[in-house]
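User: I have a chain to learn from, and I want to know what the labels rest on. Can you take me through them?

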Amino acid sequence: MTSPLETVAQDGTQAHLLDWHAQRTDLAGLASLDRDTAPEDVDVHAVYTYRQARLRQKMAELNVDAVILSDPVNIRYATGTRNMQVFSQRNAPSRYLLLTQDRSILHEFTGCLHLADRFGPAGFNTVDEVRPATTASFVAAGPAIAERERRWAKETAATIAGLVGHRATVGLERLNANTAIALKDQGLNIVDAQYPVEMARAIKSVEEVKCVIASLRATEVAVGKLRNAIRPGMTENALWSVLHQSIIEQDGDYCETRLLNAGPRTNPWFQECSMNVIGENQLIALDTDVVGCFGYYSDFSRTFHSGPGKPSAVQRDLYKTAHEQVQHNIGILRPGLSFREYADRAWNIPDQYYANRYYLSAHGCGMTGEYPYLYHHGDFPDAGYDGVIEPGMTLCVESFIGAETGGEGVKLEQQVLITETGVELLSKFPFEAVLME
């Protein structure tokens with residue numbers, strides 16, 4: 001069977017090998033971008049203590065006595081600990097954290113208490129005590145789930161009363177509805193923990209920024225390998241797997257989405273990668289969405305050309321339009337700018353691309369996508385909310401350009417840091433010169 005990289009002459013013999021990317025000199029060095037931060041340069045203890053202090057500060061400001069966190073990303077933010085993150089996301093509460101102003105009790109998953117050997121001053125000094133978790137899910141408890149939830153709520157309320165007193169205000173995020181009701185029945189004032197958690201996570205310390213940069217540099221290496229692997233005839237899934245392998249071998253965690261598409265599947269956006277075969281001279285768009293080194297989110301988007309010919313005028317126009325949007329919106333960012341002012345000054349999307357626009361203009365980025373969301377001018381009245389862009393925020397500026405009438409689309413995105421005086425570009429993977437001509 002003939003390889004998809006080969007053409008066949010009229011007599012059935014192999015004519016030549018189509019390997020356009022192997023001849024490209026502009027690919028050299030993409031997998032060895034200079035790293036601004038090596039893992040050993042990060043003071044992880046400073047990262048952990050800063051984050052926990054930030055959360056406790058926001059809890060105090062909002063009069064929240066305690067929070068119970070079951071989202072594994074929030075647990076990692078508050079303590080630095082991780083364990084079976086993806087499993088925990090869909091099996092809550094199987095591992096959870098009770099945090100007050102002066103106590104941090106991690107309830108670890110069944111059979112994992114030996115992991116507590118890593119905690120304490122020599123490891124995670126953000127955890128005071130480790131206890132076994134009570135898995136209050138239907139899968140674990142079956143028809144007896146309601147009784148288990150009530151028992152869990154009674155025990156948890158007693159612990160909270162011993163730490164902060166009766167009728168405490170307790171923040172919850174990802175717990176079963178009946179679990180929250182059972183806690184309220186114990187006399188607790190239940191509020192949403194997302195408010196203090198998201199406000200805490202929004203402002204990064206100097207050491208956190210080092211983590212972000214380390215994660216970005218590793219992801220850029222992975223995207224460089226993916227870009228170098230592009231060949232017409234391979235599937236989207238096969239190309240996407242190149243990124244995954246490189247991320248894991250560099251001690252990253254996982255990719256949160258499956259956003260890589262080729263040809264007509266690039267428009268509209270948000271089609272997951274598939275067994276679709278990449279054709280010749282097609283656009284290939286991707287969004288990294290990598291939970292990478294130190295658990296920090298590396299989130300930038302690029303669009304490539306599969307070759308072997310030159311990009312068409314239409315492809316170049318789409319790319320340059322998306323690039324213009326990203327550059328304009330980065331250019332207006334500054335500390336002290338309100339979210340509403342940003343929306344008013346943001347780039348106006350041409351009419352033919354408006355219907356298929358990306359759903360927001362920019363978003364916060366830390367250990368995942370996070371607060372704030374910055375909306376397009378046209379979407380602000382219905383979806384937007386106000387606030388202020390502050391130093392220490394890391395933001396991802398987005399663009400998707402694809403016509404409502406069809407054809408290919410271009411996805412571009414840059415990750416930036418808001419400083420005291422302006423903006424620092426964090427994502428450094430180059431744009432495509434062949435698409436900028």
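Here are some labels, each set against its definition.

Analyst: This is a predicted model: local features need pLDDT of at least 70, side-chain atom pairs count only at pLDDT 80 or more, and totals for chains, interfaces and linings use all residues. Residues are numbered from 1 along each chain as its sequence is written, and side-chain values use heavy atoms, with hydrogens and water left out.

User: How many helices and strands does the chain have?

Analyst: The chain has 14 helices and 19 strands. Helices are DSSP runs of H or I with at least four residues, strands are runs of E with at least two, and both are numbered from the N terminus.

User: Why is α1 called roughly perpendicular to α2?

Analyst: Helix α1 (residues 44-61) and helix α2 (residues 72-79) pack at about 110°. The label covers angles of 65 to 115 degrees; under 35 is roughly parallel, over 145 roughly antiparallel, and the rest oblique. So α1 is roughly perpendicular to α2. Their axes are 6 Å apart. Axes are lines fitted to C-alpha atoms, for helices over the stretch in contact, and angles run from 0 to 180 degrees between N-to-C directions.

User: Which residues of α1 and α2 make the contact?

Analyst: Y48, R51, Q52, R54 and L55 in α1 meet R76, Y77, A78 and T79 in α2. Contact means heavy atoms within 4.5 Å.

User: What makes β14 mostly covered?

Analyst: Buried means under 20% relative accessible area (exposed is over 50%, partly exposed in between; 1.4 Å probe, protein chains only). In strand β14 (residues 301-305), five of its five residues are buried. S301, T303 and H305 lie on one side, R302 and F304 on the other. In a regular strand the side chains alternate between the two faces of the sheet. Across the chain of 437 residues, 55% count as buried.

User: How do you know that β11 and β14 pair?

Analyst: Pairing needs at least two DSSP bridges between two strands. Five bridges join β11 (residues 283-287) to β14, and the strands run antiparallel. D287 stands opposite S301 in β14.

User: Why do β6 and β8 count as edges?

Analyst: Six strands form an open sheet in the order β6-β5-β4-β3-β7-β8, with mixed pairing. β6 (129-132) and β8 (189-192) each have a single partner strand, so one side of each has no neighbour in the sheet. The twist averages 25° from one strand to the next.

User: Where does α1 lie on the sheet strands?

Analyst: α1 lies across β3 (66-69), β4 and β5, at about 60° to β4. Helix α5 (residues 145-164) also packs on the sheet, and its direction makes about 25° with that of β4.
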